[in-house]
Amino acid sequence: MKAVIKRFFSTKEGTLFGIFLLIFLFMTLISPGKFLSVYNLQSMAYQLPEFGILALSMMIIIVTGGINLSLTYTATFSMIVGGLAMSAMHAGGSSPLLSVLVGMLLMLVIAALCGVFLGFVVSYIGVTPMLATLGAMTLFEGLSLNITKGGAISGFPIEFLVVGNSTILGIPVPMVIFVFIIIGTWLFLEKSKMGMSIYMIGCSPKVSYYSGVKVKKILFQTYIIASLLAAVAGILMASRYNSAKESYGSSYLLQAVSAAVLGGTSINGGEGKVVGTIIAVAILQIISSGLNIFGFNRYLTNVVMGAILILVLAINFLVDRKSARK
Amino acid sequence: MKRILSVFLVMVVFLSFTWAAAQAEADDEVTIVVMPKLVGIPYFNASEVGALQAGKDLGINVIYTGPTTPDAAEQVKMLEDLISKGVDAIAVAPNDAAALTPVLMKAKKAGIVVLDWDTPADPSVVDLSIHQIDDKAYGEHVWDLLVAEMGDTGDYAIVTGGLSAANLNSWIDYGLAYAKTAYPGLNLVTDKVPSDEKQQMAYQKTLDLIKAYPSLKGIVGISTPAPLGAAQAVQEKGLADQIAVVGTSLPTDSGPYLEDGSLRVGTLWDPAKLGYLTVVMANDFLNGKTPKNGQDVPNVGKIEVWDDNRTVIMGPPADFLKENYASYKF
């Protein structure tokens, strides 16, 4: 038993989980009775999923060796178009349930189209992912602004708020959705044939190609799947904030990259685990909430997050080097 | 094992560090949160000074905190954390009114007094709404200043902070509606031009405007960096005599441009006073006192209260000219 625990904590994810426990303990100590309260745990369970899903989406793309800078704008663009339809149908007298379903479906469809666009540009035209998605970011933002004229789309049926603001057996609905997404992503990335191909492409597209992997097709599909995940995050945000706007979650973009990298995903691609990303997301969440409850200066919160990120990366690097020497 | 130990050591050092800071804080006093749209820009730094000063004067605990980017999602998260922390009142300047409605409802359910300041939130969830200014009067005032400087006929343009900022948009809309009836001779050459709340961007866009519309006689800059960027462009082109720049700028930043006339006049309220007033109003409300029209608030002045007994207006703006800007400290 002891050996098993020891072995777990010496893996990358195990170390990360150890750090998570330490930080959790630390936060509990500095805000007695406040951090470790039902209310706060629940409020963190509402906050975590939207960011966690975005981080998973980012991670999948990073594993292919790319990066998706248009991630949050894919989410907001799809939520704006879907939200517009939803509120228009609601105002037009359609049944609330129908408006919600059509709106959410439209959000997924629009995101899938964004993914088709990204995937096409990156894999079939061959533009570097960073440049392609940077362009797409501005494009989606511009399209969104043209629709909203800078305001927010609101007037959703009250039923839509259930998605992001209610609980099932005391567990917030976003968390339930998140758990399904985690399992789905894990099965897809780490257990399926396509997932295997994604890791291979991330290691070396050329070798994958000569090994018979349909590199372009797989890349193309990966962008669509990642964009669909972004849409789910978009649905949660639109519901939680009861409105849709182009700038929602813009601060999640780089945080999603940090979470993926902190979770052990190699920024060069080919390496990364779902569980690592999830622990990393949880770490960032408890630091943010914990320091906030404690009343820590917000700039220093960023400093602490950055410091922990660098610390973990350094540890990972040293561990890698040590095991390479062996 | 060594690895875990070293991480643990780092955490312990960190812990003892913040532990000391925690001891300094007493827990049973009144705590009021003032949340700006973002921290780290001159305007909201100035209001922080006022809010904290009010806390000191009243002997209450004021937390001034906000996101480092103007993102409504980030504000929601921080507010949720602060509700967990347990505070007495929250005053927020929403990046987006609709997005904050659910979390502010949660705050009310938790028994927290909710105010908005600087930018209005959804009126159905706030107990008090602290406005720096009457938006309509302010918009019209800016256009009056423009006409005083460029005359009531001719071409002009608007450089604004961002297309999605509700307060900037409402000043511009009121100003434009007013200009239509009061100054029919004015001709707006193009739609309002956004500048991302950055002086550099406003400067660049103004250079483009000057090139595209040589007949330009006036520029209105809305948002604090916009008039400065516009003035910088006019200064560089040596057109201070032909193009009148007016706008909403902070007096200390405006100094260099007011001196040579590239910025004719700036107009704004004192953000520190706004922060101060917000804390005073929140504290009064917690003590069961509602604001009254004409009430004289120490260090702020006479305030105006609308008939809904909820909307508080700080007062008319101050105009900054070459002669008087140096006497202001913000």
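Predicted model: local features only at pLDDT ≥ 70, side-chain atom pairs only at ≥ 80, totals over all residues.
Local features need pLDDT of at least 70 and side-chain atom pairs count only at pLDDT 80 or more, while totals for chains, interfaces and linings use all residues. Residues are numbered from 1 along each chain as its sequence is written, and chains are lettered from A and ligands numbered from 1 in the order in which they are written.

Take helix H14 of chain A, residues 298–325 (helices are DSSP runs of H or I, at least four residues, numbered from the N terminus). Its 28 residues reach 41 Å from first C-alpha to last, close to the expected 40 Å (1.5 Å times one less than the number of residues). Buried here are A:Arg298, A:Ile308 and A:Val312 (20 or more other C-beta atoms within 10 Å of a residue's own, with C-beta atoms placed from the backbone). They pack against H2 (12–30), H12 (252–262) and H13 (274–294) of chain A.

Next come H9 (193–203) and H11 (215–241) of chain A, whose axes lie 10 Å apart at about 105° (axes are lines fitted to C-alpha atoms over the stretch in contact, with angles from 0 to 180 degrees between N-to-C directions). The two are therefore roughly perpendicular (65 to 115 degrees). H9(A) brings A:Met194, A:Ser197, A:Ile198 and A:Ile201 to the contact, and H11(A) brings A:Val215, A:Ile218, A:Leu219 and A:Thr222 (C-beta atoms within 7 Å).

As for the two chains, 37 residues of chain B meet 39 of chain A. On the chain B side, H3(B) gives the largest share, 11 residues.

Note on methods: Buried ≥ 20, exposed ≤ 12 C-beta atoms within 10 Å, placed from the backbone. Parallel < 35°, antiparallel > 145°, perpendicular 65-115°, else oblique.
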